[in-house]
Amino acid sequence: MPAVLDADGARLWGALTRAAFAARRTEMDALNVFPVPDGDTGTNLYLTMDTALEDVKVAHAAQGIIGTASLVDEARNLSRALLLSARGNSGVIVSQIVAGLSAVVIEEGLTEVDGPALARAITRGAQLARASVAHPQEGTILTVADAAAAGATEAAAEGGDAAEVAASALSDAEAALVRTPEQLPALARAGVVDAGGAGCVLMIEALHRVLTGSWAEGSAPLHHASEDLLPKTSWHIEGGAGDPPGEEAGRARDPFAPTPTSAVGPAFEVMFLLDHCDDERVATLRDTLDGLGDSLLVVGGPDLWNVHVHVDDVGAAVEAGIAAGRPHRVKVTHFATQVAAKETQQVAVVACAAGPGMATILEEAGATVVLSSPGARASAGQLLEAIHETGAGSVIVLPNDKDTLMAAEVACRAATEEGIVTAIVPARTAVQGLAALAVVDLGKGLRENAISMTSAAVATRHGAVSVASREVLTWAGHVTPGDVLGIVSGDVALIGDDLATVAHQVLDRLLSGGGELVTLVSGADADDALVDAVADRLAKEHAEVEVVRLDGGQQVYPLLVGVE
């Protein structure tokens, strides 16, 4: 009998994927390119799946589902749970892959998934994941997901059952993963493959094991050239206990950094459905709209497309749609007008904190704080809960970390659907978040605050010092474990052997363009002597600069610095 995936198989696939992420999380964390010990792609994926599976049980109980749930119920509840439990950019992308898989099951009302349906589902997942990123980068999880979809489609066209489709998807995904260093120079320099892509391969391998009945066996090694990509490790369904280390690493270039959602930028949101068009005209439409504004999404096909974009020129956006096909259900929202309806309500701020000291500082500044640190990033659900806790009709979110931006976007979209007006200020580090909070005027409206906060955040030059945990080649040179790293604007710019010396060099870089205020945020592992040395030198060499010292208590970075 040809293999198919039913509700029991779907539940087993979720458990196996969680077990695979639990067993391999440390290895996936180690694949992150950045040499600072905050890499946690594997940890994020494990926590995302682990939380989601527990939330599915709660959702089933709330819906009165006793015993075995249908495949549609499993798909619907898992898709939503993953979206809200997503941690880090990799967790958000995986949630979109699963959302695409689930959409096919839900829309077609399937009780079991055969080969052709599985190919459609994997393809939808890859499409939805790519559509969630404004400017996709090849050599990432998106590339691996696309390859899996191509392999699945080919096997289905040849009459393969679900197991054969999964096998072909897995084979092509593995091959694509091996090629990721050829597409991203940062991966090639470090001699690793993409960590998110490795997670995608594990998901597909878990699916293949369910369909072939080989799930009780140890996992097969994935190969990079002649060496094991990830060392062979047994999966245990009850695995995942313990406190996982690490957090999603900052890559030399973050391929998943989204276009920030904030009140700064184009004045109008334009949405419409589009039909009577082909792929070529849709591609032209996408390019045209990308040039007109931001927050662009063109999803769907082949007969109907859903278009979303933020622009200043509404007429040009609609005309582009007319040139591509037949736009209908056109909806235009003027952000200022939308916000004005809520301006009489309180404006609140939700901010992420990487340490206890920073949490106290942010709370004293009036923010609702969500802890988010390496190995324990805030999930979209936690951010949404914090938005609700404010009780405000208008909420500004400060991620204070580039790897939490996508989770913040998910939370804000969910809040918007509930009638709460939100904006994300794209603060990518704690010092930018502090600068943004310093200009908040809660007596003013969301749009005015978001504009001033974003201006303050992006005007703050930022840096840090840390100690390398792995050997890697960076733009600044070869890094070995124990080297002191000077980080400027998110990139390794300096390599040395003394924290104070490197901190001085980082500040020299940041102050080369001038500055009036320097903020020094000490970490959990910093001693007073380090901050004293940096402050004393600033007093001697830059007497005109005001220095503020704060105890942030963050891990990984003994010192964070900001220049305004």
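Which strand is Val 307 found in? Val 307 sits in strand 5, which covers residues 305–311. Helices (H or I, at least four residues) and strands (E, at least two) are DSSP runs here, numbered from the N terminus.

## About the model

This is a predicted model, in which local features need pLDDT of at least 70, side-chain atom pairs count only at pLDDT 80 or more, and totals for chains, interfaces and linings use all residues. Residues are numbered from 1 along each chain as its sequence is written, and side-chain values use heavy atoms, with hydrogens and water left out.

Buried means under 20% relative accessible area, exposed means over 50%, and partly exposed lies in between (1.4 Å probe, protein chains only).

Leaving out residues up to four places away in sequence, Val 307 touches Val 270, Met 271, Phe 272, Leu 274, Leu 285, Leu 289, Leu 297 and Val 298; contact means heavy atoms within 4.5 Å. Val 282 is 25 residues from Val 307 in sequence, and their C-alpha atoms are 10.0 Å apart.

Six strands form an open sheet in the order 15-14-11-18-16-17, with mixed pairing. Its edges are strand 15 and strand 17 (546–551), each of which pairs on one side only. From one strand to the next, the twist averages 20°. Two strands count as paired if DSSP finds at least two bridges between them. In general, strands of a sheet pair through backbone hydrogen bonds, either parallel or antiparallel.

Strand 14 pairs with strand 11 (residues 461–467) in the antiparallel sense over 5 bridges, and here Gly 463 stands opposite Val 488. Strand 14 is also joined to strand 15 (residues 491–496) by 5 bridges, again antiparallel, with Leu 485 opposite Ile 495. Strands 14 and 15 form a hairpin with 2 residues between them, and Ser 489 in the turn has a positive phi of about 55°.

Strand 11 runs antiparallel to strand 18 (residues 559–563), and 5 bridges join them. Arg 461 has Val 563 in strand 18 as its bridge partner. Helix 18 (residues 499–511) packs on the sheet and touches strand 11, strand 14, strand 15, strand 16 (517–522) and strand 18; its direction makes about 165° with that of strand 11. For such angles, axes are lines fitted to C-alpha atoms, for helices over the stretch in contact, and the values run from 0 to 180 degrees between N-to-C directions.

Another open sheet has 4 strands in the order 8-7-9-10, and its pairing is parallel. Strand 8 (368–371) and strand 10 (421–424) are the edge strands, each pairing on one side only. Neighbouring strands of this sheet are turned by 20° against each other on average, direction ignored.

Strand 7 (residues 347–353) pairs with strand 8 in the parallel sense over 4 bridges, and Cys 352 has Val 370 in strand 8 as its bridge partner. Helix 13 (residues 356–364) packs on the sheet, touching strand 7 and strand 8, with its direction at about 170° to that of strand 7. Helix 17 (residues 446–458) packs on the sheet as well, touching strand 7, strand 9 (394–398) and strand 10; its direction makes about 15° with that of strand 9.

## Helix 9 and the cores

The largest nonpolar core has 143 residues, and those with the most contacts inside it are Leu 118, Leu 362, Leu 383, Ile 387 and Leu 398. Its largest share, 11 residues, comes from helix 9. A second, separate core of 22 residues includes Leu 494, Val 534, Ala 535 and Val 545. A nonpolar core is a set of buried Ala, Val, Leu, Ile, Met, Phe, Trp, Tyr and Cys residues joined through side-chain atoms within 4.5 Å.

Helix 9 (residues 195–212) is mostly covered, with 17 of its 18 residues buried. Asp 194 caps its N-terminal end, placing a side-chain oxygen 3.2 Å from the backbone nitrogen of Gly 196. Just after helix 9, Gly 213 takes a positive phi of about 75°.

Definitions and conventions. A polar contact is a pair of N or O atoms within 3.5 Å; within protein, one must be able to donate a hydrogen and the other to accept it, and residues adjacent in sequence count only if both atoms are side-chain atoms.
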